Amino acid sequence: MKRLVALALLCGLVSSSFAIGIGKFKINPEAGVSYGMATPSKTSDLGGYARIWLGGNGFTVAPMVKYNYIFGVDEQKGFANIQAGGLMGYRIFRFTPYIGASYSGFKDAGYADTTALNYGIYFDIPILPLSIGIDASWQKPKILGTDIRQSQHQVALTLGLIF
C-alpha cells in the first residue's frame, strides 16, 4: 500500500512539474511531431510544431509555429510549408478544441506566401507529459506567376511533449 501511495505522489509531482501555474493562469509549452495527409495531391506530410498555451479558467491562447514537408507524387517534387501564427482554444476536461490563423510560407513549391486557417483538438494525457490530437490547416495560395489560387488542406495526427 505504501508503494502505491508513493507511486501516486510521484506521478502527481511529475505531471504537475511540466506546467507553470500562477493562480489559475497556466503556461504549457508543447512541442511535437505530426503525420497526415495533404490535398489536392492526396500525399502524406510529415512535420513538427511548437506552441505555448497561455490561459486560465478554460480559455487559452497560443503562439505557434509548425513545419510540414509535403511529399511529391510520381515525378512531382515535394515541398516545405512553414506556418507561424496564433491559436485560441477552450479547455474542456483534458480536451482543447482550437482555431487560429497563421502566416504561411512555402519553400520549393511554386506558391506565393499566404495566410492559413488552423484548427484542431488535442488531449493531454493524465500523469504523462504527452498530448495527442488532430491538427489541420486550410490555405489558398496563388501559383507563382499567375492569378490562379489552389486550395490546400492538411490534416495530421499529432504527438506532443508538454514541458
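View A. On a 1 Å grid over the protein atoms alone, a cavity is a set of points where a 1.4 Å probe fits but cannot get out, and its lining residues have an atom within 4 Å of a point. The structure is a predicted model, in which local features need pLDDT of at least 70 and side-chain atom pairs count only at pLDDT 80 or more, while totals for chains, interfaces and linings use all residues. Residues are numbered from 1 along each chain as its sequence is written, and side-chain values use heavy atoms, with hydrogens and water left out. Residues lining the largest cavity include Ser34, Asp45, Tyr49, Lys66, Asn68, Asp135, Gln154 and Thr158. At least two lining residues come from each of β3, β4, β8 and β9 (152-162), with β9 giving the largest share, 4 residues.

**View B. Asp135 and its polar partners.** Asp135, one of the residues that line the largest cavity, lies in strand β8 (residues 130-139), where strands (E, at least two residues) and helices (H or I, at least four) are DSSP runs numbered from the N terminus. With a relative accessible area of 11%, Asp135 is buried, a term for values under 20%, whereas exposed means over 50% and partly exposed in between (1.4 Å probe, protein chains only). The side chain of Asp135 makes a polar contact of 2.6 Å with the side chain of Lys66, and another of 2.6 Å with that of Tyr98; such a contact is a pair of N or O atoms within 3.5 Å, one able to donate a hydrogen and the other to accept it, and residues adjacent in sequence count only if both atoms are side-chain atoms. Beyond its neighbours within four places in sequence, Asp135 is in contact (heavy atoms within 4.5 Å) with residues that include Arg51, Tyr119, Gly120, Gln154 and Val155.

**View C. Two separate nonpolar cores.** A nonpolar core is a set of buried Ala, Val, Leu, Ile, Met, Phe, Trp, Tyr and Cys residues joined through side-chain atoms within 4.5 Å, and the largest one here has 6 residues, namely Trp53, Ala62, Met64, Leu87, Tyr98 and Tyr122. A second, separate core of 5 residues includes Ala38, Ile70, Phe106 and Tyr111. When neighbours within four places in sequence are left aside, Leu87 is in contact with Trp53, Ala62, Met64 and Tyr98, among others that include Arg51, Thr60 and Asn118.

**View D. Two loop residues with positive phi.** Most residues other than glycine have a negative phi. Asn57, which is not a glycine, has a positive phi of about 55°; Asn57 sits in the loop between β3 (43-56) and β4 (59-70) and counts as exposed at 60% relative accessibility. Phe93, also a residue other than glycine, has a positive phi near 60°; Phe93 belongs to the loop between β5 (79-90) and β6 (95-107) and is exposed, with a relative accessible area of 66%.

**View E. The protein chain as a setting for the close-ups.** Of the 163 residues, 35% count as buried. Among contacts between residues at least 6 apart in sequence, 49% join residues at least 24 apart.

Notes: On a 1 Å grid over the protein atoms alone, a cavity is a set of points where a 1.4 Å probe fits but cannot get out, and a pocket is an open set with protein on both sides within 12 Å along at least five of seven lines; lining residues have an atom within 4 Å of a point.
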